[in-house]
Amino acid sequence: MRDFFSLARWMPGLVALLGYQRAWLLPDLRAGLSVAAVALPVAIAYAELAGVGAVVGLYSCILPMLAYALFGTSRQLIVGPDAATCAVIAAVVTPLAAGDATRHWQLVMTMTAMTGFWCLIASRFKLGVLADFLSRPILLGLLNGVAITIMVGQLSSIFGFTFDESELIERIAAAPSYLALIHWPTLGISLLTLVVMLACLRYRPQWPASMLALAVAAALLWVLGGERSGIMVVGAISGGIPSLQLPEFPPGLMRELVLPALNLAMVSFVSMMLTARSFAAKNGYDIDADKEFRALGVANLASAVSQGFAISGADSRTAVNDANGGKSQLVSIVAATVIALVTFFLTAPLQYIPTASLGIVLVMASWSLIDLRGQWALRHSDNAAFWLAWITFVSVLFMGVIPGITLAVLLGLFQFLRNVMRPTDQLMGMNDEGVVHTLGHNEEVKAVTGVLIYRFNSPLTYFNAAYFKRRVLQLLGREPHPPKCLIIDAVSCFTHQDISVMSMVGELHKELKRRGIQLLMAGRRSQMTHWLHQAGIRVGEDGILLYPDLYEALRMTRCYREPEEPVAEGEASPVAPALPQERLAES
């Protein structure tokens, strides 16, 4: 009970801050200011992508960053608006809002709150393992598709026209018809922004390129009077502390947000964990996936309360933090404080930022997500992963972001089920030293005469029990000389009690007995004895023989020796030779 109410359980970030070291202060301050410089322009750009006001993007940085600093377990991770997250929100909310800006904002906040609740539920049931659910190839295809979708969508802002089409393929097909609609002053400011960003990245990579580019573009419009040339700008931003407002839309619309919020929670968490784990490994510490799920949930709820939108782990800002020597969660607190000061007191200069420049920032951010080369390289290492990645990628492009994400989740589920339902298996043998290894990997490993040793590399449950039985009988049928004993490695497959599995074991035992083959199980002897007794399956001389490990099973059976091997008078009966005590080893 004391552990349940402990501070370390619920607020690991705060516990880490309580043990703060004075030597970390200067690196953390430097990193916090750098993160804020990168986060400010990106937050405004992502607000444009999500279809809400610029100030909403700023709100989405402040409380969520503070919440993660207290509840998260990563010392380097920075949370905030994310390109894929905003693209998902826009794809879901835009058709539901039907052009009503206020309803759009309220639906965004509601979806953000739902995403937070899904994360908390997942944390409560210890579903942090879902970080491995969407495999890296599937996430690779998903992010590539989302990045291209965002880049095409921003062409209208960059060139100064408005798309009539809503889907990616239709927009690409109609692109030639929009050439005559290009607004040249808008294109000029876009090119200026791009040149400043590229020059900064080339010659001063340590500077905040996006902030500098937006500052140059905004200053130019302020001096020249951009409104007279028809260049669209962010406009006046009403900063200050957000006022609490309750959603005012038909309750039926909330049903349309439940499953998309679940998909968003899944994708946000997996993406965040990839970033958090990579930087934790680099800096030599571990993170807790279940606590990270809770931290993401609390951060999203904090964003919803402050009228922001859903957030995730921000890999670019996390990289800036690490590159500037950030040591602790204080970096998030410093960055959130700086963004709050700008939001509450310094919003006036932001109104001159051209939306075309924000489009360039989004395109550059999306470009960093694209890894088509890595996706193509999968064909050399894993053909199944290659096809999964490309199917996900094409689905996002042709079907849209939400259907593509749904398909990615289903593909991850089917991949998992396939691996569990049809896992790999091995036959085992022994080398000259009496050590058990997998057959076929080493010429020195030979099958034990008269014995078939079988390993099934997946937990046995009701949907793969029949396959297990079928595989055992197939392998027995391939043996030129039927063995006298079948030894099953119970450690790898009998992980939990399942009545369907026990029923299959009983049927297999009867079939083997009819063929004159003794069934032995090695490992989990106490559990297996209890489970078999409960299932009414005989254990012992007239039933299934149970042993603590493979070596003991081999030691206690005499069936692996050549039956015709002569035994000299006075010699011991042909029992197994002395075997080593080492545990099972695989080649």
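Val394 counts as partly exposed because its relative accessibility is 37% (buried means under 20% relative accessible area, exposed over 50%, and partly exposed in between, with a 1.4 Å probe and protein chains only). The model is predicted, so local features need pLDDT of at least 70 and side-chain atom pairs pLDDT 80 or more, while totals for chains, interfaces and linings use all residues. Residues are numbered from 1 along each chain as its sequence is written, and side-chain values use heavy atoms, without hydrogens and water.

Val394 is found in helix H18 (helices are DSSP runs of H or I with at least four residues, numbered from the N terminus). Together with Ile169, Ile172, Phe398 and Met399, Val394 forms a nonpolar patch on the surface, with about 450 Å² of accessible area in total. Helix H9 (168-173) and helix H18 (383-399) each supply at least two of the patch residues, and the largest share, three residues, comes from H18.

Helix H18 also holds Phe386 and Trp390, which are four residues apart and therefore separated by about one helical turn. Phe386 is buried at 8% relative accessibility, whereas Trp390 is partly exposed at 21%. Trp376, Phe386, Trp387, Trp390 and Phe393 form one aromatic cluster.

Rings of Phe, Tyr and Trp (its six-membered ring) pair if their centres lie within 6.5 Å; planes under 30 degrees apart count as stacked, over 60 as edge-to-face and the rest as tilted. By this rule the count is 18 aromatic pairs. Tyr20 and Trp24 form an edge-to-face pair, 5.5 Å centre to centre with 90 degrees between the planes. Phe386 and Trp390 form a tilted pair, with values of 6.2 Å and 55 degrees.

Key
Patches are made of residues with over 30% relative accessible area and no salt bridge: like charges are joined within 9 Å, nonpolar side chains (Val, Leu, Ile, Met, Phe, Trp, Tyr) within 5 Å. Accessible areas come from the Shrake-Rupley method with a 1.4 Å probe; for residues, only the protein chains shown count as cover. A salt bridge is a side-chain nitrogen of Lys or Arg within 4 Å of a carboxyl oxygen of Asp or Glu.
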